[in-house]
Amino acid sequence: MELDAFDRKILAQVQRDARITAAQLATRVGLSPSACHRRLQALRERGVIQAEVALIDPRAVGRRITMVVTVTLEREHSDVVSDFKRAVRDMAEIQQCYYVTGQADFVLVLTARSMEAYDAFVERFLFSNRNVRRFETMVVMDRVKVGFDLPVEALAAD
């Protein structure tokens with residue numbers, strides 16, 4: 001997908017603040033508000049902008065604990081991997097899931113109200129899945145950086 005310098009500038013701004021007005025965006029990127037609006041709409045339609053969401057502090061909604069969990073499957077057949085991916089999508093506790101290379105097959109980022117709630121999740125989701133060989137849980141002590149901003153500014157070599 002070809003993105004010009006204005007598209008990149010627009011993306012850099014809206015991923016930091018999806019509520020930015022067309023007038024504010026125009027000032028920051030050097031286009032008219034109507035041109036910014038048209039470009040934003042085109043970026044949405046082309047799927048460059050996948051979603052515009054609010055980042056919520058998990059503690060504000062009672063999700064006091066965040067864990068990073070690595071999961072290794074019993075065997076890495078495509079049907080087993082597909083089944084696990086499908087199951088992950090149905091679990092509200094799981095915020096992010098990555099199918100990865102290395103010792104583990106998946107890395108999950110999830111939240112829980114308490115360790116007891118996490119234990120119930122483990123019983124319900126991991127222990128009950130016969131294709132999970134092992135998992136390792138790391139409890140997050142501090143959220144140092146959270147976000148989904150991507151570096152979108154054009155490089156000098158572009």
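**Helices H2 and H3.** I started with how helix H2 (residues 22-29) meets helix H3 (residues 33-45): they pack at an angle of about 100°, with axes 8 Å apart. That makes H2 roughly perpendicular to H3, a label for angles of 65 to 115 degrees. I noted that axes are lines fitted to C-alpha atoms over the stretch in contact, and that angles run from 0 to 180 degrees between N-to-C directions. Helices (H or I, at least four residues) and strands (E, at least two) are DSSP runs, numbered from the N terminus.

**A word on the model.** This is a predicted model, where local features need pLDDT of at least 70 and side-chain atom pairs count only at pLDDT 80 or more, while totals for chains, interfaces and linings use all residues. Residues are numbered from 1 along each chain as its sequence is written, and side-chain values use heavy atoms, leaving out hydrogens and water.

**The largest core.** Next I looked up the largest nonpolar core, which has 21 residues. Such a core is a set of buried Ala, Val, Leu, Ile, Met, Phe, Trp, Tyr and Cys residues joined through side-chain atoms within 4.5 Å; buried means under 20% relative accessible area (1.4 Å probe, protein chains only). Val 71, Phe 84, Leu 108 and Phe 121 have the most contacts inside this core. Strand E1 (65-73), helix H4 (78-89), strand E3 (106-112) and helix H5 (115-127) each give two or more residues to it.

**A second core.** I also found a separate core of 15 residues, including Leu 25, Ala 26, Leu 43 and Val 152.

**Helix H5.** Which residues of H5 are buried? I listed Tyr 118, Phe 121, Val 122, Phe 125 and Leu 126.

Methods
Parallel < 35°, antiparallel > 145°, perpendicular 65-115°, else oblique. Buried < 20%, exposed > 50% of the residue type's maximum accessible area, 1.4 Å probe, protein only.
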